[in-house]
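The points are grouped by topic.

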Amino acid sequence: MLSLVRSIPDQLEHNWKQSASVIKEISKSTPAQIAICGMGGSGISGDLIRGLLLYSSSVPLEVVKDYSLPTWIRKDAFAVVISYSGNTEETLSLWDECSKMQIPRLALSSGGRLTERALSEGVAVIKIPPGYPPRASIGYLFSACLRLVHHWGLYPDADKELFAATALIRSRIEEWCKEASALASSLKGRFPLIHSLDVRFAPLAYRMVCELNENAKELAHFHTYSEMNHNELNGFEGGVDENAVIVILDAGKDFTHPRNQRRAEIIEEALPRVPRYKIKAEGETLLERMLSLLIKGDLVSVYLAEFKGIDPEPVNMIENLKRELG
Ligand code: PA5
């Protein structure tokens, strides 16, 4: 799994190039709405895109993670339907709804029933290389989504920023591995509360939780700073479980509302008994900052699995449930 995390920059670049010919065929006119449909390690790319576009795009974007589309999604939306395996039932159900409503769409998958349905309905598929745990194919899935929103002009500097990000990751990865390994050793036997200082980076906090769940087989929890100041904060009044630890995802001054920085300073003093660690985003641009946090969080989960002496790849409980559901 470590080598898969380290391969994310290659995945990002590979699919940026590979997806170009398919995306070129999609209408250039910006859709009225965007729905990105997918579960778990597939759907997270939608969350990242939503965070990336939150303060720059005027197109409503919904990340759909269940069986049904919200009622307000209309025929003039564009749907990106993502399932690495191609066999996830919620995602297939969303596909079928899109088909019924004749919503223009694109499938991202390594195969399975999603690919079969797309091909039989004449819908474009971006084929993702097989053999990965779905969550470890995030570079492929995310860069195809990024290329699509770039195609519509919604993230105009995506190409420059993506290649700057992959260069940054490659130049810093050894250092990040050391950092992540140190943090993972501090998280062993703990319950991490992962806080994102900025709402655009909340998907990175969520990704870190998912990676801790699936790779390290650990429970974890995430919150966004501003919102958590209106609920979770008060939970500390009842006393803190001695295993709790706070991990703050710090996007940096230019990417965090000054009032959220101030909130963090006040809380830093108000909660002196809870061990706290910070993971700092790196790079100049929003995309670099997001991808640096992605890699750092993924690495922590893999090192934690290693310290626990467990294999990060199998997700037996998820697979058993899928089998039971038939
Ligand atoms: O990473 C994982 O293994 C899971 O979170 C899967 O992504 C999730 O179960 C959905 O499966 P798929 O990505 O194949 O649609």
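**Sheet with β6 and β7**

Strand β6 (residues 191-196) pairs with β7 in the parallel sense, over 4 bridges. The model described here is predicted.

- In this pairing, Thr-224 of β7 is the bridge partner of Ser-196.
- The open sheet holds 4 strands in the order β7-β6-β8-β9, with parallel pairing.
- Its edge strands, β7 (221-224) and β9 (276-280), each pair on one side only.
- On average, neighbouring strands of this sheet are turned by 25° against each other, direction ignored.
- Helix α9 lies across β6, β7, β8 (244-250) and β9, and runs at about 160° to β6.

**Sheet of five strands**

- Another open sheet is formed by 5 strands in the order β2-β1-β3-β4-β5, and the pairing is parallel.
- β2 (61-64) and β5 (125-127) stand at the edges with a single partner strand each, so one side of each is left without a neighbour in the sheet.
- From one strand to the next, the twist of this sheet averages 15°.
- Strand β4 (residues 105-109) is joined to β5 by 3 bridges, and the two run parallel.
- Ala-107 has Val-125 in β5 as its bridge partner.
- Helix α7 (residues 138-151) packs on this sheet and touches β3 (77-82), β4 and β5. The direction of α7 makes about 165° with that of β3.

**Helix α8**

- Helix α8 (residues 158-187) spans only 34 Å between its end C-alpha atoms, whereas a straight helix of 30 residues would span 44 Å at 1.5 Å a residue.
- A kink of about 60° in α8 is centred on Ile-173.

**Salt bridges**

- The count of salt bridges comes to 19.
- Glu-214 forms a salt bridge with Arg-135, and their closest N and O atoms are 3.4 Å apart.
- This pair links distant parts of the chain, 79 residues apart: Glu-214 is in helix α9 (residues 202-214), and Arg-135 is in the loop between β5 and α7.

**Annotated span**

- An unreviewed UniProt entry gives residues 22-164 the annotation "domain: SIS".
- The end C-alpha atoms of residues 22-164 lie 24 Å apart.
- The span of residues 22-164 is 42% helix and 16% strand.

Key:
Residues numbered from 1 in each chain as written. Predicted model: local features only at pLDDT ≥ 70, side-chain atom pairs only at ≥ 80, totals over all residues. Heavy atoms only, no water. Pairing = 2+ DSSP bridges. Axes fitted to C-alpha atoms, helices over the stretch in contact; angles between N-to-C directions. Contact = heavy atoms within 4.5 Å. Expected span 1.5 Å × (residues − 1). Bend = angle between axes of the 7 residues up to and from the residue. UniProt positions renumbered as here; feature names shortened; annotations may be inferred. Salt bridge = Lys/Arg side-chain N within 4 Å of Asp/Glu carboxyl O.
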